[in-house]
Amino acid sequence: MLQKSQAGAQAGAADRADHAQATSHVLRVEGLGKVFDGRSAVKDLSFSLQAGRILGLLGPNGAGKTTTIRMLTTVLEPTSGAFWIDGLASSRPDAIRRRMGVLPESLGFPKKITGLELMVYYGQLYGFDQRKARQNGLALLEAVKLRPRAHSLIGSYSRGMRQRLGIARALIHDPVVIFLDEPTLGLDPRGQKELLALIRSIARERMIGVVFCSHDLPEVSTLCDDVVILREGTVVAAGTVGEIVRKSRGNVVRIRVPAQAAQEAAQLFHGISGVMLVSPAEESGWIEARPADAPGDGEQDRLLGNRMLDVLIRAQIPVLGLQAEGGSLQDVFFELTDEEHADGYASVSVH
Amino acid sequence: MATLQSPSTDPPGRPRPAWRLVCQRELTDLWLGGRAIVLVILFSLLLAVMAFLLATNQEMSLMPPREMLFLTMQTTIGIGLFIGLLIGADSISGERERASLEALLLAPVSRRQIVAGKFLAAISPWPAALAVSAIFLAVLSPSSELFLQVLLLGGVLGTLLVVGYTAFAMVVSLWSSSNRTSLFVSLVVYLLFVIPTQFPGTAQTGFMGRLVKRINPIESVNQFLEKVIVNNRTFEEMWDWLAAPVILPLLTCALLFGFARSGLTLEGHPPKFLRFRWAQPAAAMLFCAALAQPVPPALAAGEADGQSGLSISVGTEYLEVKTGEEFDFTTTLRFDGEDELPVIILSMNIVNLEADGDPVDPEDWSPERSMVVEAPARGETSQQEWTIHPIFEGDYLIYIVAIPEVADEESTSRPIVTQGLHLSVVHEPHLNPGGVLPASLGVPGGLILALFAVLWLRRRSLRTQGT
């Protein structure tokens, strides 16, 4: 049965890959907006997701992530704009629900039924007869490593097991897109690692588009292919993780030299092309520098520290300390979601 | 990590309708989860204590069997709809709070089907409560005809009320963002309907009092059942009391299923027309004002000049009957006076000759304790039919008083009395007090055993599947 199911999975994934190539995106969002009592929670949101890719939806609390997820999962009706899942417009919520799976932030499983009973129940709600729903449920529980606990009451499951059960439930009807809202919240490091591996395998093996919501930025940069960052309901950055990271203007390098050599070192740094000193040499010997140009210089920005160290070594000035900031998704996130600095990012591309 | 298996995408067989699936799921939660069965066990305990007291306590046993049955059915309906209200109020807002609603709303099923499944599950404790009640009714009932009559009337009217109030509680639950709000609003409304039924008679006899009585479905059902079961009134006489209990479920079910699509949302907000803050207090004030209406003065009395020449007689002087046996007798009113009399009030009285003349409430013994008749024309007579349904053994004297209606508030009239009808009531044992105790202990005990049996079977089934 599992072999047949495996063959089915491969065939389904291949079909989906062809279809995805033909239609390009499994999820397309255009100008989506939501107004609650005169207050805009989400404004003019546009992005897209291809089959087999994982998109991280980021933003501080209140940025509009949950509202966005709820609109995309048809729980909330958008005030403006539209979206398409597998080519189906948001004006057809019933049809869309058959193409997507959701792992909500709060799982709210009934505790007095077993994992398999839950799978059978949802399988039947999605239109399978009882036998088929049970067959699919068992296959998915096997895949998320819950088969040995299939007949245990959900009340006895650990947090990690419930998250895996939630993912299995989201996949019961073979969706093309799944939305995962904070799936690793409350899991221990091993549980997080296993769950991320599971999510990756879902996306890659079944060519499913995954929308991944999380506050754990290292986790997002490890897992996701694409990122959308929201602030106050507006997209402030969107693109691949690499593109976003390269847009950081906070690539600051702080080097400490002996105080008596600080002025000499600062002079040397001035001589390096593309380097701008952020702060003059201090009595403590710390010198701070960053790329002179606006964000977007890519590889050259990341080599700034190397070039600074190089001139110091050539001049035989001892290096007492080195700190590098910026260059990570986390740094970009903080910059973009900080009101004081975010306005300078008007040129960030949104596609 | 194991390779991910895809669910089979073979064409599905015959899927079950969503309302049935939701209903099954809810029934499992309610009954295997223990909430419903615990409520029914508590109900059976209450009924057991009540039935035992009714049947065995010396003071309480003065109550006629028909009234015992009425009280038992009244309690059954009251608690049955309370259980429905509790479950209905929790059914949607509770899921919101437990965060289990979102996954259900994401499934491709119609909101009406979800609501229908939940509604059917929410009223499921009512048949169980009625079945428990039927056991006690059977034990307390003096005859199988009466038992069937009470069970049928109570079952039908109780079902109307349970459906109506459960649907109402679900409407509140649909529109409530928190479970606490939903339960609070539902219980307050329940009490608003129950409390007036306990008000003193003066609060219910004015025009507004009578109106409130008529529009209150619980009071209407109480009135109907009491008059038909206890006072031997016929269905034809009482059918107009059924308007409120019939309209209530129609109205609340229409609201529930009408708003199911737009109201079954993740947040749960009342529709715009209910968001005015003044609406609820205004409704409550209106309701209280209605109850507080003073009793209007009696309708203008007719003229009653002259009282002489009026006589009344009873057709039978002595009768021997068995308890529960119904019999009729007639009175004859004759007028030989000079002046016309407009209206005569006839009032029946029953005195217990063995208990130092203790009066008996004729309402318990007869569908009609009084009647108002036109006075016969001069020199003519008129006859009145009276029905008696004796309840207790003993010697009684029945007599009828004829009262010419007074002309105005300050005048009076002279009542006249028939000779007494001496009634000997011989005891025929119907009630089986000895049977009450086994039922009182057995029913709740059986239900508790059933609960443990269900839990044990469930655990065993899980263990078997697990291995």
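Modeller: The expected span of a helix is 1.5 Å times one less than its number of residues. Helices (H or I, at least four residues) and strands (E, at least two) are DSSP runs, numbered from the N terminus. This is a predicted model: local features need pLDDT of at least 70, side-chain atom pairs pLDDT 80 or more, while totals for chains, interfaces and linings use all residues. Residues count from 1 along each chain as written, chains are lettered from A and ligands numbered from 1 in written order, and side-chain values use heavy atoms, without hydrogens or water.

Biologist: How far apart are the end C-alpha atoms of helix α6 of chain A?

Modeller: Helix α6 of chain A covers residues 159-170, 12 residues in total. At 1.5 Å a residue, the helix should span 16 Å. The end C-alpha atoms agree with that, at 17 Å.

Biologist: How many residues of α6(A) are buried?

Modeller: Buried means under 20% relative accessible area, exposed over 50%, partly exposed in between (1.4 Å probe, protein chains only). Among the buried residues are A:Met161, A:Leu165, A:Ile167 and A:Arg169. α6(A) is mostly covered, and of its 12 residues the buried number is 10.

Biologist: What share of chain A's contacts with a separation of 6 or more joins residues 24 or more positions apart?

Modeller: Chain A has 14 helices and 14 strands. Of its 351 residues, 54% are buried. Among contacts with a separation of 6 or more, residues 24 or more positions apart account for 70%.

Biologist: Which helix gives the largest share of the nonpolar surface patch on chain B?

Modeller: Patch residues have over 30% relative accessible area and no salt bridge; nonpolar side chains (Val, Leu, Ile, Met, Phe, Trp, Tyr) are joined within 5 Å, like charges within 9 Å. B:Val49, B:Phe52, B:Leu53, B:Leu437 and B:Leu441 together have about 440 Å² of accessible area. α2 (35-56) and α18 (433-466) each supply at least two of the patch residues. The largest share, 3 residues, comes from α2(B).

Biologist: Is B:Leu53 buried, partly exposed or exposed?

Modeller: B:Leu53 sits in helix α2 of chain B. Its relative accessibility is 38%, so B:Leu53 counts as partly exposed.

Biologist: What distance separates the C-alpha atoms of B:Val139 and B:Ala439?

Modeller: B:Val139 lies in helix α7 (residues 125-140) of chain B. B:Val139 is buried, at 17% relative accessible area. B:Ala439 is 300 residues away along the chain, yet the C-alpha separation is 7.7 Å.

Conventions
Accessible areas come from the Shrake-Rupley method with a 1.4 Å probe; for residues, only the protein chains shown count as cover. A salt bridge is a side-chain nitrogen of Lys or Arg within 4 Å of a carboxyl oxygen of Asp or Glu. Contact means heavy atoms within 4.5 Å.
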